[in-house]
Amino acid sequence: IVHCCFPASPYLGNLIRIWSSTFLIDKHSSHRSKLLHAENISIYQEWTPVPFMKDFWFTLIFSGLPKDCTVFDFQEVIPEEGGFFVKSIKRNSSDIYRIKISE
């Protein structure tokens with residue numbers, strides 16, 4: 001489970017979405033945990049409005065990481081620029097994470 005924060009923006013009319021091709025990628029193997037469910041954010045091609053000057057939180061649920069995984073990347077693999085990417089997230093015993101993302 002990954003709780004994601006899209007930081008507050010001074011711009012009106014911001015929109016956000018997540019692609020189903022978003023993964024948790026084990027740094028020490030070729031394993032990719034697949035996105036299974038998204039809460040409070042639209043899946044591509046739909047858009048979700050972002051509140052003006054407020055942090056926007058959404059939750060993503062992924063398939064499990066390998067037992068021996070200790071570090072992974074969060075990556076939105078898309079055919080255009082601007083995909084979300086958070087590098088080298090350290091695995092914890094709860095497998096629940098809070099990350100800050102940006103475009």
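**Figure 1. The largest nonpolar core of this predicted model has 24 residues.** L60, F74 and I101 have the most contacts inside this core. Several strands give two or more residues to the core: β1 (2–6), β4 (32–39), β6 (56–62), β7 (71–76), β8 (85–90) and β9 (97–100). The largest share comes from β6, with four residues. In soluble globular proteins, nonpolar side chains tend to be buried together.

**Figure 2. Close-up of I101 and the residues it touches.** I101 is one of the residues with the most contacts inside the core.

Figure 3. I96 sits in the loop between β8 and β9. Is I96 buried or exposed, or partly exposed? I96 counts as partly exposed, because its relative accessibility is 41%, between the limits of 20% and 50%.

**Figure 4. The salt bridge between R17 and E80.** The model has three salt bridges by the rule used. In this one, the side chains of R17 and E80 meet at 4.0 Å, N to O. The pair links distant parts of the chain, 63 residues apart. R17 is in the loop between β2 (15–16) and β3 (22–26), and E80 is in the loop between β7 and β8. R17 has 12% relative accessibility, so R17 counts as buried. E80, at 45%, counts as partly exposed.

**Figure 5. The salt bridge between D73 and K27.** Their side chains meet at 3.5 Å, N to O. D73 lies in strand β7, while K27 lies in the loop between β3 and β4. The pair therefore ties together parts that are 46 residues apart in sequence. D73 counts as buried because its relative accessibility is 10%. K27, at 34%, counts as partly exposed.

**Figure 6. The salt bridge between R91 and D95.** The two side chains meet at 2.6 Å, N to O. How accessible are the two partners? R91 has 23% relative accessibility, so R91 counts as partly exposed. D95 has 26% and also counts as partly exposed. Side chains of opposite charge can pair when their charged atoms come close.

Note on methods: Residues numbered from 1 in each chain as written. Predicted model: local features only at pLDDT ≥ 70, side-chain atom pairs only at ≥ 80, totals over all residues. Heavy atoms only, no water. Core = buried A, V, L, I, M, F, W, Y, C linked by side-chain atoms within 4.5 Å. Buried < 20%, exposed > 50% of the residue type's maximum accessible area, 1.4 Å probe, protein only. Contact = heavy atoms within 4.5 Å. Lists of a residue's contacts leave out its neighbours within four places in sequence.
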